Amino acid sequence: MIEKYKSKRNFGSTNEPEGELKSSDKPIFVVQKHDASHLHFDLRLEMDGVLKSWAVPKEPPIKPGVKRLAVQTEDHPLDYADFEGVIPEGNYGAGTVERWDAGLLKILERKDDRLVFELDGEKLRGEYVLVQFKGQPKNWLFFKR
Ligand code: MN
């Protein structure tokens with residue numbers, strides 16, 4: 001499930017984790033602020049032994065009433081949650097990565113096109129929803145409930 005992640009990266013040239021698959025009974029989430037060609041926030045949710053990932057072009061909603069586009073990206077390995085640092089020029093996603101928030105994740109509802117979950121972070125706390133746009137499989141709406 002992380003083949004796509006691996007295929008995009010040259011691990012001799014970036015210090016991002018190569019990744020191993022494992023599962024845990026205390027799922028986590030992380031948001032990484034990624035200052036690449038465009039600044040964005042990578043929302044990652046631990047599901048099925050990987051980090052399901054979405055790129056959010058603007059700051060994730062702290063309060064209800066703010067809706068954000070979230071573009072689904074490739075699954076990342078679980079140990080990516082701890083990654084911070086600089087991805088060197090010439091590599092996929094070159095730029096700085098900083099952990100912006102993290103904490104425990106509780107999935108409350110899971111459908112193919114809709115996820116409801118509880119986040120227990122420093123900034124993101126409470127119930128959040130991701131809803132897939134009809135006919136646009138990569139594009140989701142992300143908001144706090
Ligand atoms: Mn990114």
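Modeller: A pocket is an open set of points on a 1 Å grid over the protein atoms alone, where a 1.4 Å probe fits, with protein on both sides within 12 Å along at least five of seven lines; its lining residues have an atom within 4 Å of a point. The model is predicted, so local features need pLDDT of at least 70 and side-chain atom pairs pLDDT 80 or more, while totals for chains, interfaces and linings use all residues. Residues are numbered from 1 along each chain as its sequence is written, and side-chain values use heavy atoms, without hydrogens or water.

Biologist: Which residues line the second largest pocket?

Modeller: This pocket has a volume of about 180 Å³, counted as the space filled by probe spheres set on the points, which are joined across faces, edges and corners. Its lining consists of M1, K4, K8, Q72, T73, E74, D75, Y92, Q132, P137 and K138.

Biologist: Which strand gives the most to that lining?

Modeller: Strands here are DSSP runs of E, at least two residues long, numbered from the N terminus. Both β4 and β9 (136–144) supply at least two residues of the lining. With four residues, the leading contributor is β4.

Biologist: Which protein residues are the donors of the manganese ion?

Modeller: Donors are N, O and S atoms within 2.8 Å of the metal (3.2 Å for Na, K and Ca); water is not among the atoms, so the site may look incomplete. The donor residues follow the spacing H-x5-H-x1-D, and both H34 and D42 are buried (under 20% relative accessible area, with a 1.4 Å probe and protein chains only). At 2.2 to 2.3 Å from the ion, the donors are H34 (ND1), H40 (NE2) and D42 (OD).

Biologist: Which residues lie closest to the centre of the largest pocket?

Modeller: The largest pocket holds about 270 Å³ of space. Of its 17 lining residues, the closest to the centre are H34, H40, D42, T73 and Y92.

Biologist: How many bridges pair β1 with β2?

Modeller: Two strands pair if DSSP finds at least two bridges between them. A hairpin joins β1 to β2 through three residues, and K33 stands opposite F41 in β2. Strand β2 comprises residues 39–47, and its antiparallel pairing with β1 has seven bridges.

Terms used: Buried < 20%, exposed > 50% of the residue type's maximum accessible area, 1.4 Å probe, protein only.
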